[in-house]
Amino acid sequence: MKASMRVNGVERSADVEPRVLLVDFLRTNLALTGTHVGCDTTSCGACTVLLDGEPVKSCTLLAVQVDGRDIKTVEGLADGAALSPVQVGFHEEHGLQCGFCTPGRMLVGTALLEGNPDPTEEQIRWAISGNICRCTGYMNIVKAIQHAARLKQAAATAPSPAAVAAGGGE
Amino acid sequence: MLPAAFDYRAPTTLDEALGVLKERGDDAKILAGGMSLIPLLKLRFAQPALVLDIGRLPGLNRIAGQDGHLSIGALVRHVDVERNGDLAKQVPLMSEAVHWIADPLVRNRGTVVGSVCHADPAGDWGSVMLALGAELVARSASGERVIPVAGFFQDPFTTTLKPDEIVTEVRIPIPSGSSGGAYNKLERKVGDFATVAVAVQVEMNGGKVSRAGIGLTSVGATNIKATEAEKALAGREPTDEVIREAARLAAEAAQPKDDIRGSAAYKKDVVRVFVQRGLHTALSRAQEARS
């Protein structure tokens with residue numbers, strides 16, 4: 001049957017069996033291989049994507065279940081060559097070692113900062129508690145999300161690039 | 001992992017869904033959040049001919065108070081409970097318990113009613129609903145019936161629900177003003193199933209316990225209602241001695257098994273400690289609620 005959804009802002013659809021999981025739809029049908037399969041048993045969070053803005057485990061969803069919904073994967077974070085604040089945070093704070101859990105974790109961080117621009121360390125640790133890092137690099141992951149929060153706050157208070165280009169600003 | 005092939009239906013009206021179950025209920029599994037069913041399908045522990053996705057049914061995602069009870073629709077997710085400020089005031093036991101369920105990503109999809117109907121003896125909501133004295137509303141093509149959660153669980157993953165029925169809501173009596181609850185859970189890490197967990201709910205009247213509810217998680221073939229312990233509290237002044245006796249009776253009701261999470265003897269003792277601890281917390285909360 002047909003599964004249609006908006007993935008990273010683009011309408012995508014494919015004819016799939018009902019038993020096809022969302023993560024396989026993304027990786028196989030759409031060739032978006034940034035979403036990883038880790039445990040495949042709803043435990044590790046490597047397959048995390050945003051469903052209508054909320055982080056969910058795409059290994060535990062059928063593609064047909066999210067027909068008509070909005071999906072964001074790691075491929076949708078950057079704007080062209082410009083990395084998103086969370087991506088910059090992971091880069092600057094060395095928030096990854098092997099990188100396997102990183103896509104899912106960046107989406108969790110993105111969703112967290114969307115709803116809570118200034119999270120405490122405890123709130124960050126709570127938000128990422130469904131994502132396992134087997135390199136156990138949690139310290140830098142927390143720092144990466146804190147870094148992203150600072151970037152976003154600075155961007156919110158600074159004059160916009162468009163205003164600067166137009167000779168505005170302070 | 002790929003589930004075995006199945007037919008998939010995602011009706012948009014309850015009548016249509018009930019019609020499908022009337023025809024094919026024996027071969028069907030109902031899919032709500034899917035946080036338990038989809039792993040079972042992937043592991044091929046479950047191979048239904050039909051998956052009936054109720055995710056598109058309207059009106060089932062509401063939390064609403066009516067006639068002294070709180071109605072939680074079949075599509076209300078754990079995260080909806082977590083975020084609901086009114087519910088935190090009306091039934092604080094639920095708001096405390098929800099943080100212990102799985103992890104934040106699973107809570108974004110999994111549903112309260114789905115969890116109760118899945119009837120995993122390690123499920124948290126089953127014990128909470130037993131402690132609260134909740135009821136389920138089940139609909140089928142031939143009508144509606146109300147099922148008390150006490151008596152609903154028969155065996156692991158087995159309930160008294162009939163193949164043609166859908167649980168549309170769980171109804172929770174809103175506890176009186178001088179009431180309190182507590183959920184204590186021992187788990188090895190976030191997202192693990194409980195080694196042991198205990199839900200308690202007490203209502204007080206004139207210095208005495210007017211109603212006590214105690215539900216036990218992960219210590220038997222189902223969530224267990226600790227009936228004898230509840231009786232030992234009802235109508236009594238909750239002295240330390242009465243609480244100790246209730247905790248002893250609850251531990252007696254538990255039927256845990258040795259496994260990687262602990263020995264049966266250890267788990268029984270954790271039940272005793274958690275009932276005692278939970279009652280002390282619940283009673284002090286009931287005291288605060290009154291003042």
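Chain A has six helices and five strands, with helices (H or I, at least four residues) and strands (E, at least two) taken as DSSP runs and numbered from the N terminus. Reading from the N terminus, the order in chain A is β-β-α-β-β-β-α-α-α-α-α. Keep in mind that this is a predicted model, where local features need pLDDT of at least 70, side-chain atom pairs count only at pLDDT 80 or more, and totals for chains, interfaces and linings use all residues. As for labels, residues are numbered from 1 along each chain as its sequence is written, while chains are lettered from A and ligands numbered from 1 in the order in which they are written.

**Overall build of chain A**
- The C-alpha trace of chain A spans about 55 × 40 × 25 Å along its principal axes.
- Of the 170 residues in chain A, 45% count as buried. Here, buried means that 20 or more other C-beta atoms lie within 10 Å of the residue's own; exposed means 12 or fewer, partly exposed is in between, and C-beta atoms are placed from the backbone.
- Take the contacts in chain A between residues at least 6 apart in sequence: 60% of them join residues at least 24 apart. A contact means that the C-beta atoms of two residues, placed from the backbone, lie within 7 Å.

**Domains**
- Chain A is assigned domain 1 (2–76) and domain 2 (85–157), with bounds that come from an automatic or database domain assignment.
- The C-alpha centres of those two domains of chain A are 21 Å apart.
- Where they meet, 16 residues of domain 1 of chain A are in contact with twelve residues of domain 2 of chain A.
- On the side of domain 1 of chain A that touches domain 2 of chain A, β3 (48–51) and β4 (54–57) each supply at least two residues. β3(A) gives the most to that side, with three residues.
- Chain B is assigned domain 1 (7–53), domain 2 (63–173) and domain 3 (179–286). In chain B, the C-alpha centres of domain 1 and domain 3 lie 35 Å apart.

**Two helices packing**
- Two packed helices are described by the angle between their axes and the distance between the axes.
- In chain A, α3 (residues 102–115) and α5 (residues 138–157) pack at about 40°, with axes 11 Å apart. Axes are lines fitted to C-alpha atoms, for helices over the stretch in contact, and angles run from 0 to 180 degrees between N-to-C directions.
- That makes α3(A) and α5(A) oblique to each other: under 35 degrees counts as roughly parallel, over 145 as roughly antiparallel, 65 to 115 as roughly perpendicular, and the rest as oblique.
- Residues that meet include A:R105 and A:L112 in α3(A), and A:I141 and A:A148 in α5(A).

- In α2 (residues 85–92) of chain A, the buried residues include A:P85, A:V86 and A:F90. What covers the buried residues of α2(A) includes α3 and α5 of chain A.
- A:H94 follows α2(A) and has a positive phi, near 50°.
- A:T110 is found in α3 of chain A. A:T110 counts as buried because it has 22 C-beta neighbours inside 10 Å.
- Leaving out residues up to four places away in sequence, A:T110 touches A:L77, A:S84 and A:V86.
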